[in-house]
Amino acid sequence: MTRDLIEVIAKEGMVDMAGVGPDTTLASLNIASVDYMMILAAIEEKFSVYIPMDESLAEVKDVGGLLGVLKQRILAEKKA
Amino acid sequence: MSPREVVVTGIGAVTVAGLGVDALWKAASGGVSGANPMVLPRDLGNVIKHAAQAPDVDIADYLPDTKPAYFDRVTALALVAAMEAVKDAGLADAGPLGKRTAVVVGTGIGSLGTIEEAAYNLIQGRRPDPLSVPRAMTSAAASHIGMAYGCTGPSFVISSACASSAQALGIAFQMLRAGMCDRAIVTGAEAIITTGGMKGWEAMRVLSPDLCRPFSKGRNGLLLGEGSAVLVLETAELARARGARVRAKLLGYGTTSDAKDMLRPDVDGASEAMALALEDAGIAAGDIDYVNAHGTATLLNDATESEALGRIFGNRLGSVPVTSTKPIHGHTLGAAGAIEAIVTIRAMEEGRVPPTINFLAPDPNCPVDCVPNEGRSQSIGLAMSNSFAFGGINAALVFGRAA
């Protein structure tokens, strides 16, 4: 799942994920609010999960954090 | 010469709470959630399943001589609200209102249902409805209200997303002050709870999958709604001359544009609109007893609006009730300014601050007294209503109690 998520972020956020690690900040990748929208829409398509913009997403600063929140949401939705 | 005074003499509304202002106020003051399972014409896999959908309105019940096929839902909602407002103003039997009465409508999208149906038919290879154009025109509601009451003065639509009907009220206010007309039927109307409308808003990621919780910790988005609200504005002179009941005074209007970002709100633009409205009303921030906030319950709006309010109210911020009634009537986009103006006027009349419902816990980024979950009795002499739109257009209105 992690690889799938990274692919989505790279494609929708229009960033090159080569050399990017969990500590890379989203700001350094120039991922802004509109990119978030695109990423979340793509994740809905791929995993059938609706993820709204809430505090946990707004507080995420780096790639590792973003992956963590997304994974948590997808797994929670799968269980529900 | 000081500008002419402007008063509100009639109000009408159709919202998720039902037909009429009484239904709206009962829900707002009692804190009744407007989130209901929604009914869509066709299911295209919509993820969000609830909205603040207004009741079905069959215009034939109201205007037996007209053909329902002429009206998009947005126009039908606007007409029914206009009928209540005109009757409330004591003008239902006044005959044609003539060239000194304007009609100003605020709507974000207008006839989305008609546009969607036409597109759907085209894609299926069917001929579009011959009435598509007169029904879909953004100005259809303005023309129909004008025809219903013989208003032959200025008639037009203001479209500025979620600020539409706040700006409609503001510009009609200025027209009355300036002497362009003596009366205006000002309408806010929106009917975008359609399959495509909901899909579009879903994609924005600003709809809450559970509950709309303005200013609260844990908020995750808004509740989309539809409806209409109409206010009859008149010069105080005309209202006095015909012995009309005054429901409120419209005292000030301020509007600004961020000119920065399509989606991200801006503290400067929002606070400047409020400052301009106060200046226009000739009152100090300290005189405001109640603020009906834009309060969408998106993470960004509520934090930004709180900061903007902080600039206006300074260290008095925590002692001014600032509530969002959007979880009750939904975020009705272009209709929001007019619906919330009516909630504000009713709050002044009743001396009752409506609550912000679904509140869980304070958010340090929103240090306002949002009157969580339970309303409060309190005298309100002066109140402000905010509307901030995507695209960065901001509007604030200041109202005063009738007497």
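Which residue in E15(B) is the bridge partner of Lys249(B)? I looked it up, and the partner is Gly400(B).

**Ground rules.** I'm working with a predicted model, where local features need pLDDT of at least 70, side-chain atom pairs count only at pLDDT 80 or more, and totals for chains, interfaces and linings use all residues. Residues are numbered from 1 along each chain as its sequence is written, chains are lettered from A and ligands numbered from 1 in the order in which they are written, and side-chain values use heavy atoms, with hydrogens and water left out.

**Strands.** I read strands (E, at least two residues) and helices (H or I, at least four) as DSSP runs, numbered from the N terminus. Two strands pair if DSSP finds at least two bridges between them. I found nine bridges between E9(B) and E15(B), and these strands run antiparallel. On E9(B), residues 248-257, I also found three bridges to E1(B), residues 6-15, again antiparallel. There, Val6(B) sits opposite Leu250(B).

**Whole chain.** I listed 12 helices and 15 strands for chain B. Its radius of gyration is 20 Å, close to the 22 Å from the globule rule for 403 residues, so chain B is as compact as a globular protein of that length. (That radius is taken over C-alpha atoms, and the rule is 2.2 Å times the number of residues to the power 0.38.) I noted that 60% of the 403 residues of chain B count as buried, meaning under 20% relative accessible area, with exposed over 50% and partly exposed in between (1.4 Å probe, protein chains only). For contacts (heavy atoms within 4.5 Å) in chain B with a separation of 6 or more, 78% come from residues 24 or more positions apart.

**Rings.** Rings of Phe, Tyr and Trp (its six-membered ring) pair if their centres lie within 6.5 Å; planes under 30 degrees apart are stacked, over 60 edge-to-face, the rest tilted. I got one aromatic pair over all chains. Trp201(B) and Phe390(B) are stacked, 5.9 Å centre to centre with 20° between the planes. Trp201(B) is in helix H7 and Phe390(B) in the loop between strands E14 and E15 of chain B, so the pair ties together parts 189 residues apart in sequence. Trp201(B) is buried at 16% relative accessibility, while Phe390(B) is partly exposed at 29%.

**Last check.** Arg42(B) lies over the face of Tyr120(B), 3.5 Å from the ring centre; the rule wants NZ of Lys or CZ of Arg within 6 Å of the centre and within 35 degrees of the ring normal.
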